[in-house]
Amino acid sequence: MKIQFLGAAGEVTGSRHSVQAAVGGRDIRFMVDFGMFQGGREATTKNLEPLPFSPKEIDFVVLTHAHIDHSGLLPRLCAQGFTGPIYCTDATFELLKIMLPDSAHLQRSDVDRAVRRKKAGKWRGDLPVALYSIEEAELALGQCEVLAYGKSIELCQGIGLEFQNAGHILGSAIAIMDISEDHAKKKRCVFSGDIGMKGKLLMPDPAIIAQADIVVVESTYGDRLHKTLADTETELIKVVTETLDGRGNIVIPAFAVGRTQEILFLLIDLVKRNLLPHLSIWVDSPMATAATHLTQHFFAQLDKESQSTFEWFKKNPSAVDLRFIADVEESKALNKIKGGAIIISASGMCDAGRIVHHLQNNLPRAQNAIVITGFQAYGSLGRRLVDRAAKVRLFGEEVPVRASIHTIGGLSAHADQAGLLEWLRGFQSEPQLVFVVHGEPEASAVLAQTIREELEWKNVTIPERLHSYAC
Ligand SMILES: [Zn+2]
């Protein structure tokens with residue numbers, strides 16, 4: 001068996017792992033995730049790069065969750081000739097129905113806008129490229145097959161799959177794959193996908209897996225410990241209270257799926273506990289609106305505490321003035337609000353979508369606060385804000401950064417180093433091989449070293465992108 005890491009190797013985005021195995025007298029090739037690279041020009045180049053094999057050679061795709069850095073290139077793969085099934089959970093499928101067409105739409109509008117600006121002489125540099133169309137996104141959706149958590153199925157002779165809850169976002173799964181190669185002992189490969197933080201808002205704790213021969217584990221925060229939720233709440237209360245008192249706006253860039261619902265939940269919960277006053281919250285992302293409705297739909301998959309807060313809000317709807325923005329005109333009207341609003345918008349790393357307009361509008365005023373709550377990949381606009389850029393270029397124009405920038409770390413959708421180690425400790429015996437992926441080089445290196453030292457596991461590898469490893 002061979003595993004080749006086509007992305008999320010030495011970086012956080014672009015999760016795509018190719019597995020080749022000789023089963024049932026033939027060579028099977030499948031992918032675990034098929035995500036988009038995000039953050040800057042280098043990401044665009046990698047997204048456009050052809051695969052080292054034909055998409056037609058891929059028998060199936062196993063998808064751990066709907067985030068675009070895990071699912072976002074599926075339409076391109078299908079458009080290039082992949083016709084097999086894409087296995088995912090029910091909630092992931094529902095999220096994909098929103099996210100893939102939205103991703104296509106965002107790419108299209110970014111291209112159109114850049115072309116218009118170029119014509120007007122207001123765009124410098126290369127024009128963005130659309131990776132796929134809405135029709136191609138629909139094509140990928142047509143290839144999805146739903147598998148419930150905890151149910152195992154045989155994908156082909158010699159390869160079995162089971163999903164367990166990863167506690168990361170709605171529908172997120174750990175993929176447990178049993179592979180019986182011809183003339184070899186069965187091997188269990190466990191792909192962590194993205195592992196959630198134990199005790200995090202909304203989602204249940206990640207499932208503990210007792211046995212694996214090969215583990216592919218994420219390491220986004222492999223070198224860090226998150227702040228506690230209590231510290232996060234204190235910081236959020238301080239920023240929100242001070243900014244509202246100073247008549248400023250609070251702009252929160254957030255992944256439409258997962259983070260937006262967590263922030264909403266947290267703000268509502270703080271109002272419920274009388275730790276924040278009545279709030280005016282605007283959710284300005286059609287995808288976030290749809291994902292919030294889906295979160296309500298999959299209410300039974302949420303943790304118990306969150307269920308009770310949502311029930312309280314249903315009974316006390318006037319406690320928070322919560323508005324979901326539908327169209328672009330309404331979104332533009334938000335530009336007129338000079339203070340007192342909390343605007344939650346996507347994308348989470350500020351690279352695309354309506355958040356860019358809100359930043360353009362709110363960054364130049366010192367009364368305003370930008371609250372960064374998620375991971376910001378190297379090269380992204382969000383990262384430049386976190387790194388205290390004095391000015392940023394938006395829509396080809398320079399915008400001064402006068403608003404205060406706050407990073408609130410404790411809301412992570414990802415387990416921290418302690419959480420990842422705790423999840424790995426769940427394996428009752430040492431796996432033959434551990435691959436540490438989905439982290440910037442320092443984070444992966446620290447996690448790998450900690451696994452070697454604390455768990456005393458010997459074969460811990462940080463794979464290089466495009467290299468194949470025999471397992
Ligand atoms: Zn994710």
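The following legends describe close-up views of a predicted model.

**View 1. The open sheet of seven strands.** In this sheet, 7 strands follow the order β6-β5-β4-β3-β2-β1-β22, and their pairing is mixed. The edge positions are taken by β6 (144-146) and β22 (468-470); each has a single partner strand, so one side of each lacks a neighbour in the sheet. From one strand to the next, the twist averages 25 degrees.

**View 2. The pairing of β2 with β3.** Strand β2 (residues 17-23) and strand β3 (residues 26-32) run antiparallel and are joined by 7 bridges. Strands of a sheet pair through backbone hydrogen bonds, in either the parallel or the antiparallel sense.

**View 3. Buried and exposed residues of helix α5.** Helix α5 spans residues 134-142, and its Ala 137, Ala 140 and Leu 141 are buried. These three residues lie on the same side of α5, because they cover an arc of only 100 degrees around the axis. On the other side of α5, Glu 135 and Gly 142 are exposed.

**View 4. Strand β11, covered on both faces.** Strand β11 (residues 214-218) is mostly covered, with 5 of its 5 residues buried. In a regular strand, side chains alternate between the two faces of the sheet. Ile 214, Val 216 and Glu 218 are buried on one side of β11, and Val 215 and Val 217 are buried on the other. The charged residue Glu 218 is thus listed among the buried residues of this strand.

**View 5. The parallel partners of β11.** Strand β10 (residues 187-191) pairs with β11 in the parallel sense over 3 bridges. Within this pairing, Cys 189 stands opposite Ile 214 in β11. Strand β20 (residues 433-437) also runs parallel to β11, and 5 bridges join the two. Here Val 216 stands opposite Phe 435 in β20. Both Ile 214 and Val 216 belong to one buried side of β11.

**View 6. The second largest pocket and its lining.** The second largest pocket holds about 590 Å³ of space. It is lined by 34 residues, of which Tyr 221, Arg 224, Gly 374, Phe 375 and Gln 376 are the closest to its centre. Two or more lining residues come from each of the elements α12 (381-386) and α14 (441-455). By class, the lining comprises 11 nonpolar, 14 polar and 9 charged residues.

How values were computed. Residues are numbered from 1 along each chain as its sequence is written. This is a predicted model: local features need pLDDT of at least 70, side-chain atom pairs count only at pLDDT 80 or more; totals for chains, interfaces and linings use all residues. Side-chain values use heavy atoms; hydrogens and water are left out. On a 1 Å grid over the protein atoms alone, a cavity is a set of points where a 1.4 Å probe fits but cannot get out, and a pocket is an open set with protein on both sides within 12 Å along at least five of seven lines; lining residues have an atom within 4 Å of a point. Grid points are joined across faces, edges and corners, and a volume is the space filled by probe spheres set on the points. Helices (H or I, at least four residues) and strands (E, at least two) are DSSP runs, numbered from the N terminus. Two strands pair if DSSP finds at least two bridges between them. Axes are lines fitted to C-alpha atoms, for helices over the stretch in contact, and angles run from 0 to 180 degrees between N-to-C directions. Buried means under 20% relative accessible area, exposed over 50%, partly exposed in between (1.4 Å probe, protein chains only). The arc is that of the directions from the helix axis to the C-beta atoms.
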